[in-house]
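Good morning, and thank you for the time. Please look at the model on the screen while I go through how its parts are arranged.

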Amino acid sequence: MTRAVEESTYDVVVLGAGPVGENVADRVRAAGLTAAIVESELIGGECSYWACMPSKALLRPALARSDARKVAGLRESVYGPLDAMEVFTHRDTVVGHWKDDGQVDWLESIGVRLFRGHGRLAGPRRVAVAGPEGDEHVLTARHAVAVCTGSRAVLPELPGLPGARPWTSREATSSDRVPGRLIVVGGGVVGVEMATAWQALGAKVTLLVRGGGLLPRMEPFVGERVAAALTARGADVRTGTRVTAVVRDGGTGPVTVVLEGGDHVEGDEVLFATGRAPRTEDLGLETVGREPGAWLDVDDSLRVTGSDWLYAVGDVNHRALMTHQGKYQARIAGAAIAARAKGAEPLDGGRWGPHTATADHAAVPQVVFCDPEAAAVGLTLAEAERAGHRVRAVDVDMGQVAGAGLYAQGYRGQARMVVDLDREVVLGASFVGPGIGELLHSATVAVVGEVPIARLWHAVPSYPTLSEAWLRLLEAYRD
């Protein structure tokens, strides 16, 4: 018996119910539009269950123990191993035991209709949903369809890898067993954070990096300090290393990673943290003249280039693959969709206007929860110079900040501020050291606000805190 296909119409249809899709739906509903959202996995997406939240739950005990070991009168109490099972239990609680009931309740509370199943474009402004029980729906959008399906981990094409059961970020954040030896391939954020977490939980970590250093999108000194700290704690960090094959007989037992030149590394698990790809391969993009599996190019209102109804928000547009930046884009896109639905065309296209995702270009903030923490916003020195700015970078030894010495004995860290010499505003800032993640938002405000250096002298940091790094940076710039 053939099931009937149910058809319904909404102002906006959102594909993907992760943080980005949820925020698009929330923003258009707040503007008075009707919205439906389609999700084939858990409501809350990658961040809630396999990325941001579980990874930070694994990392927090590692960082807290490391900080405590630098505090007089406390260090002697925290030299034992972490209780891995307790850490896993807390992680499981943080992710809601991989159940999304609370997220579903929230969607219902704001009046967004949820369709579970796989959604595909079926021509302009139409989405076909194949439900888990064989039910089918066709959703028509009056104003916009927003693709918010995120990205997935990419495994390289290597001999032996498909049968070796490698970890990706999903397995690395959800495993309930500590491998004796963990090989991590990749020196970006996922590789560095997971090397930090699993080393703290008791694994012997080997970190294999193809490039010349860790965290290559940050200032070089950041990766150098992180690599030195990992090495000091016993990790084997190898840069300039290329993997050529993976061997795991029968898909069980130890795994061997073969390196260029014939060397090899043996471990109990191998994590590949070597890149992401957009989840657009089976979205029906071909029905609207787009390439399946491709990143979707957008303008600064997040509307897909050449379309007047299709939006791509979050990872799928390849602008800034971070949850907080995707949520920012969602707020911009939601405002733009609502404005256009009410006839406001052309939109306010000002550099920092309500419908322009300027921060994607000028002020992307990121904290890497490694040990020491790393954080940056805006342009690095090299990026600013390549962009043609006349700039000066000033550096401060964080260990010379009074608050740092109180935070941890023997505090080691560094701060950098990149200043546009023509306008005398901050273009970028970078920090590395214990506890510096909470410094980043002040830097973000300075960059976004284009606050003149002369005005920043009036922003007085409390004494004695880590924030006094700002005063030291200004003093270094003055000198």
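**Helices that pack together**

The names come from DSSP runs numbered from the N terminus (helices are H or I runs of at least four residues, strands are E runs of at least two). This is a predicted model, in which local features need pLDDT of at least 70, side-chain atom pairs count only at pLDDT 80 or more, and totals for chains, interfaces and linings use all residues. Residues are numbered from 1 along each chain as its sequence is written, and side-chain values use heavy atoms, with hydrogens and water left out.

Two packed helices are described by the angle between their axes and the distance between the axes. For α3, residues 52-68, and α4, residues 84-94, the angle is about 150° and the axes are 9 Å apart. Because of this angle, α3 is roughly antiparallel to α4. (Angles under 35 degrees count as roughly parallel, over 145 as roughly antiparallel, 65 to 115 as roughly perpendicular, and the rest as oblique. The axes are lines fitted to C-alpha atoms, for helices over the stretch in contact, and angles run from 0 to 180 degrees between N-to-C directions.)

Which residues make the contact of α3 and α4? On α3 they are M53, P54, A57, L58 and P61, and on α4 they are V87, F88, H90, R91 and V94, where contact means heavy atoms within 4.5 Å. Eight of these residues are nonpolar, one is polar and one is charged. (Ala, Val, Leu, Ile, Met, Phe, Trp, Tyr, Cys and Pro count as nonpolar, Asp, Glu, Lys and Arg as charged, and the others, Gly among them, as polar.)

Helix α3 also meets α7, residues 189-200: their axes come within 9 Å and cross at roughly 60°. That angle makes α3 oblique to α7, and the crossing is left-handed. From α3 come S55, K56, L58, L59, A62 and R65, which meet E193, M194, T196, A197, W198 and A200 of α7. This contact divides into seven nonpolar, two polar and three charged residues.

A further pair is α1, residues 19-30, with α9; they pack at about 25°, with axes 8 Å apart. The two are therefore roughly parallel to each other, and α1 passes α9 in a right-handed crossing. In α1, the residues P19, V20, N23, V24, R27 and V28 meet T323, G326, K327, A330, R331, G334, A335 and I337 in α9. Here the division is seven nonpolar, four polar and three charged.

How far apart are the end C-alpha atoms of α9? They are 26 Å apart, which agrees with the 27 Å that its 19 residues, 323-341, should span at 1.5 Å a residue (the expected span is 1.5 Å times one less than the number of residues). After α9 comes G343, whose phi is positive, near 90°.

**Sheets**

I turn now to the strands. Five of them form an open, antiparallel sheet in the order β17-β18-β21-β20-β19 (two strands pair if DSSP finds at least two bridges between them). Its edge strands, each pairing on one side only, are β17 and β19, residues 391-397. On average, neighbouring strands are turned by 15° against each other, direction ignored. Between β19 and β20, residues 414-420, there are seven bridges, and D397 stands opposite Q414 in β20. Helix α8, residues 220-232, lies across β18, β19, β20 and β21 and runs at about 5° to β21.

Another open sheet has three strands in the order β11-β12-β13, with antiparallel pairing. The edges are β11, residues 243-247, and β13, residues 264-267. Four bridges link β12, residues 255-259, to β13, and T256 stands opposite E266 in β13.

**Backbone details**

Where are the cis peptide bonds that I wish to point out? One joins D371 to P372, with omega near 10°; P372 is in the loop between β17 and β18. Another joins Y463 and P464, with omega about -5°, and P464 is in the loop between α14 and α15. Finally, R125 has a positive phi of about 60° although it is not a glycine, and R125 is found in the loop between β4 and β5.

Definitions and conventions:
Left-handed = near helix turned anticlockwise from the far one by under 90°.
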